[in-house]
Amino acid sequence: MSFISKPLDSVAGWSVRRKMDILLAFVLVLPPLAVLLLAQAADHRLLNAALVAMLAASVILFMPLSALLSHLLALRNINQLNTQCLRLKEGRYTPENLPPEQDEEHDFLRLKRNLHGLGLAIQSRERRLSQAIDNLADARRRIEESIEYAGLIQRAFLPGADAFAPLTRDHFLLWSQRDGVGGDACWIRPFPGGFLAAVIDCTGHGVPGAFMTLIVHSLFDKAAREGRDSPAALLSRVNALIKESLGQTGRGATSDDGMDCAVCRIESAAGRLTYAGARIPLLVLNAGEVEVLRGDPLGAGYVRTPADHRFSERKIALVPGQRFYLATDGLADTVGGPKRLPFGRGRFIRFILEQAGVPLADQAEALERHLSEYRGGEPRRDDLTVLGFEVEARS
């Protein structure tokens, strides 16, 4: 078969079936015909009869044999094409024994060359894709390194749990940013006889949110240096400063960023706590019950919040055994459970009641584990900050 196929492949522009017709004509028709002519000249009747029978058989078998041999040659070409497809599947894109390019080719040779071109195209695209993946991996590595370093700066700039240790009887701070850095923050400022503390939820996540925390933290310091020492006055002033700093004072504002916030002023010597909030409530555990103190329904710094808005405040007396909790909405908005519902404030209140006999210092890990179990396979959706503290009234 290989002996027959080689000369056939070398004849450009002829189909396999045409080649087989010519071959069979030479093999089955011409030899008997030549013998018949010779025998006719010699007048051998017996030989004539045999040759006539041979010629008749050749004519009868011509078409079936032509179809059979064409099919066999087609199978040979199909097997070669299958071999080439397997090589492409295995990633070997250069075919073996590629036929020379000709002006006119039959369908199998054209398909073989097309597969060769397809293999080269796949190889080229695979090379470019591999380079693109390498570039993306390098870009991701540099971004992750930048975010990690930004996280170090944010943690160094913002107060951690240790900042509350000298000011409280017991406390915990759960500060967990969804993307390594984020828009949640704490602010604390001691003064003789007490301290000011704030839990802040700025617009955005990741690096943009982290920038906002640094801006807002600086504005809290500025407002405090100006003498705003009550939570309402402090929050009102920071609201105006955010709008002024970000150019969000008129209709032409190009951004609408701000914060939700809760500010507490704890005066241990006076036995008093004063609270003001912008969409972050204060939860007070006292005598086995949790009271929810709600602040103003407006955020601070946003375009829709007036620059001269005056936040309200609440004063409560400090009594032994009280505990105070402040949490950003990343806690309540954590989705999970069998029905994929938000964690909500009710579940947090139940957690507070269940942990009433547990030191606050141990509650951060317990709350983090509880949230992780509730979330299950659901992804993190927001930054999360929870501050719990207990102070002792002094006479």
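Which strands make up the open sheet with antiparallel pairing that includes β12, and in what order? The order is β1-β12-β9-β6-β7, five strands in an open sheet with antiparallel pairing. Here two strands pair if DSSP finds at least two bridges between them. Strands (E, at least two residues) and helices (H or I, at least four) are DSSP runs, numbered from the N terminus.

This is a predicted model, in which local features need pLDDT of at least 70 and side-chain atom pairs count only at pLDDT 80 or more, while totals for chains, interfaces and linings use all residues. Residues are numbered from 1 along each chain as its sequence is written, and side-chain values use heavy atoms, with hydrogens and water left out.

**Stop 1: the sheet with β1 and β7 at its edges**

Select 170-176 for β1 and 289-293 for β7. Each of these edge strands has a single partner strand, so one side of each is left without a neighbour in the sheet. From one strand to the next, the twist averages 15°. (Axes are lines fitted to C-alpha atoms, for helices over the stretch in contact, and angles run from 0 to 180 degrees between N-to-C directions.)

To see one of the pairs, pick histidine 171, whose bridge partner in β12 is phenylalanine 389.

Helix α8 touches β6 (282-286), β7, β9 (323-327) and β12, and its direction makes about 140° with that of β7. Helix α9 touches β1, β9 and β12, at about 40° to the direction of β1. Contact means heavy atoms within 4.5 Å.

**Stop 2: α8 against α9**

Select 344-354 (α8) and 363-375 (α9): their axes come within 12 Å and cross at roughly 140°. That makes α8 oblique to α9. The classes are roughly parallel for angles under 35 degrees, roughly antiparallel over 145, roughly perpendicular from 65 to 115, and oblique for the rest.

Show side chains for Arg347, Phe348 and Phe351 in α8, which meet Gln363, Ala366, Leu367, His370 and Tyr374 in α9. The residues of this contact divide into five nonpolar, two polar and one charged. In this count Ala, Val, Leu, Ile, Met, Phe, Trp, Tyr, Cys and Pro are nonpolar, Asp, Glu, Lys and Arg are charged, and the others, Gly among them, are polar.

**Stop 3: the sheet with β4**

Another open sheet has five strands in the order β2-β3-β4-β5-β8, with antiparallel pairing. Its edges are β2 (184-191) and β8 (314-317); each has a single partner strand, so one side of each is left without a neighbour in the sheet. The twist averages 15° from one strand to the next. Helix α5 packs on this sheet and touches β2, β3 and β4, with its direction at about 20° to that of β2. Helix α6 also packs on the sheet, touching β2, β4 and β5, and its direction makes about 150° with that of β4.

Now select 259-267, strand β4. Is β4 largely enclosed or left open by the rest of the structure? Nine of its nine residues are buried, so β4 is largely enclosed. (Buried means under 20% relative accessible area, exposed over 50%, partly exposed in between, with a 1.4 Å probe and protein chains only.) Met259, Cys261, Val263, Arg265 and Glu267 point one way from β4, and Asp260, Ala262, Cys264 and Ile266 point the other way.

Centre on alanine 262: it is the bridge partner of valine 199, and it stands opposite glycine 277 in β5. Four residues lie between β4 and β5 in their hairpin, and glycine 271 in the turn has a positive phi of about 65°.

**Stop 4**

Select 206-225 for α5; its axis and that of α6 come within 9 Å and cross at roughly 125°. That makes α5 oblique to α6. The contact is made by Val216, Leu219, Phe220, Lys222, Ala223 and Ala224 of α5 and Leu234, Arg237, Val238, Leu241, Ile242 and Ser245 of α6. These residues divide into nine nonpolar, one polar and two charged.

Finish on asparagine 239, in α6 (residues 231-245). Asparagine 239 is buried, with a relative accessible area of 0%. Leaving aside neighbours within four places in sequence, asparagine 239 is in contact with Gly299, Ala300, Gly301, Thr305, Pro306, Ala307, His309 and Phe311.
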